[in-house]
Amino acid sequence: MQVFENISLKKYHAFGIDVKARYFVEYASVDELKSFLESGMLSENKMLHIGGGSNLLFLKDYDGIILHSVIKGIEPVSSDNDSVTVKVGSGVVWDDFVQFCVDNNWYGAENLSLIPGETGASAVQNIGAYGVEVKDLIETVYAVEIATGNEVVFSNADCEYGYRESVFKGRLKGKFIVTSVVFKLSLLPEFKLTYQHLEAEVLKNGNITLQNVRNTIIAVRQSKLPDPEVLGNAGSFFMNPVVPKKHFLELQAKYPEMPHYYVSETEEKIPAGWLIDRCGWKGRRIGNAAVHDKQALVIVNCGGASGHEIAGLSEQIRESVRAQFGVELVPEVNFIS
Ligand code: EPU
């Protein structure tokens, strides 16, 4: 276990804001995590567990412990004719795991290519893109209970997954630390290409193969989403709002071109990016924070922005979407103070 004091968090989160943490603790195994929990440091300090920091907005220095897993390892645990199960350490970079699956001809994770962050956080956040959510691949999640240090195995159903939701963000928030995730991947060629124009994009680049799907998704993401190494950002700043059908139909009558996704008989999802774009925000800059010029869903740090500057811009965006569409945007990004 490594304990650092007063270190800059700039390289540990995607907005690249230069805030400091009082303590930064990294552990490389479940045993090291347990030793940390027994150390008593937690009784005197608040704690935030981070993954790749791809969804965090620090509003100021963090006067507590930032905890980070560097548990590595991708280990196949079983297989049959159709599928393989594989246990992945929480500190494995998510996209390294996707590449590993593609290299081994395991099907299922390729649509989630290039999503920033680490494997532990992927299971907390239920990351999703291009018609796939990570919950579709998860068998079990290994976690340690903070209060007792006990290891607990959660089944997929125990995780209570929803859109960017899980029990670890909801009912059991702050109670467990995910240490590894077991995924089930298919050994048979099965592709999910129905999202928007994905299949056509893949075919433009060649045959439908795992590597081609991965390459196409990487190219689409790179064309729309700024690279956090170059321009600090956390991907989608807001979740796509789910609105009651009646409200959706009123909006649709006024804006027939509005894209939308079916949720249920009573609800419809509207892309936040479209709503923000229609309010005229795309490419607008306020101080050192701006709305990305290729994707209105993304707020970027143009260099030197403070957390408050970014939060302030997000609040103005929420107000204008509320005023124009009567829709409440909820940040996907976690504000940390
Ligand atoms: N749109 C605009 N203007 C914009 C942005 C979008 O008009 O500035 C329109 C698009 O033309 C499209 C619709 O809104 O018709 C949907 O937009 P987009 O394809 O960009 O994706 P999304 O469905 O809003 C979700 C995830 C993304 C994920 C993509 C691809 C959320 C909040 N976002 O966006 O996730 O990459 O699907 O599957 O669910 C992330 O979580 O960080 C993330 C990037």
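**A predicted fold, its ligand shell and a pocket**

Asparagine 6 turns up in strand E1, which covers residues 2-8. In this predicted model, the phi angle of asparagine 6 sits near 50°, a positive value in a residue other than glycine. Tyrosine 130 also has a phi near 50°, again positive in a residue that isn't glycine. Its setting is a loop, though: tyrosine 130 lies between strand E8 (128-129) and strand E9 (132-133).

Zooming out, the protein chain contains nine helices and 20 strands. Its radius of gyration is 20 Å, close to the 20 Å that the globule rule gives for 337 residues, so the chain is as compact as a globular protein of that length. Along the principal axes, the C-alpha trace spans about 60 × 50 × 35 Å.

Next comes the ligand. Around it there are 25 residues, and the ones that come nearest are Tyr130, Tyr163, Tyr261, Asp277 and Gln295. Sorted by class, the shell around the ligand has 13 nonpolar, six polar and six charged residues. Two helices, H6 (210-224) and H8 (272-278), each supply at least two residues of this shell. The largest share, three residues, comes from H8.

One oxygen atom lies 2.9 Å from a polar side-chain atom of arginine 164. For arginine 221, an N or O atom of the side chain is 3.4 Å from an oxygen atom of the ligand. On its own, the ligand has 830 Å² of accessible area, and the protein covers 83% of that.

Finally, there is the second largest pocket, with a volume of about 230 Å³. It is lined by 13 residues, and those closest to its centre are Tyr107, Gly108, Leu137, Glu190 and Lys192. Strand E12 (residues 176-186) provides the largest share of this lining, namely three residues. By class, the lining is made up of four nonpolar, four polar and five charged residues.

Note on methods:
Residues are numbered from 1 along each chain as its sequence is written. This is a predicted model: local features need pLDDT of at least 70, side-chain atom pairs count only at pLDDT 80 or more; totals for chains, interfaces and linings use all residues. Side-chain values use heavy atoms; hydrogens and water are left out. On a 1 Å grid over the protein atoms alone, a cavity is a set of points where a 1.4 Å probe fits but cannot get out, and a pocket is an open set with protein on both sides within 12 Å along at least five of seven lines; lining residues have an atom within 4 Å of a point. Grid points are joined across faces, edges and corners, and a volume is the space filled by probe spheres set on the points. Helices (H or I, at least four residues) and strands (E, at least two) are DSSP runs, numbered from the N terminus. Ala, Val, Leu, Ile, Met, Phe, Trp, Tyr, Cys and Pro count as nonpolar, Asp, Glu, Lys and Arg as charged, and the others, Gly among them, as polar. A residue is near a molecule or strand if one of its heavy atoms lies within 4 Å of it. A polar contact is a pair of N or O atoms within 3.5 Å; within protein, one must be able to donate a hydrogen and the other to accept it, and residues adjacent in sequence count only if both atoms are side-chain atoms. Accessible areas come from the Shrake-Rupley method with a 1.4 Å probe; for residues, only the protein chains shown count as cover. The radius of gyration is taken over C-alpha atoms; the globule rule is 2.2 Å times the number of residues to the power 0.38.
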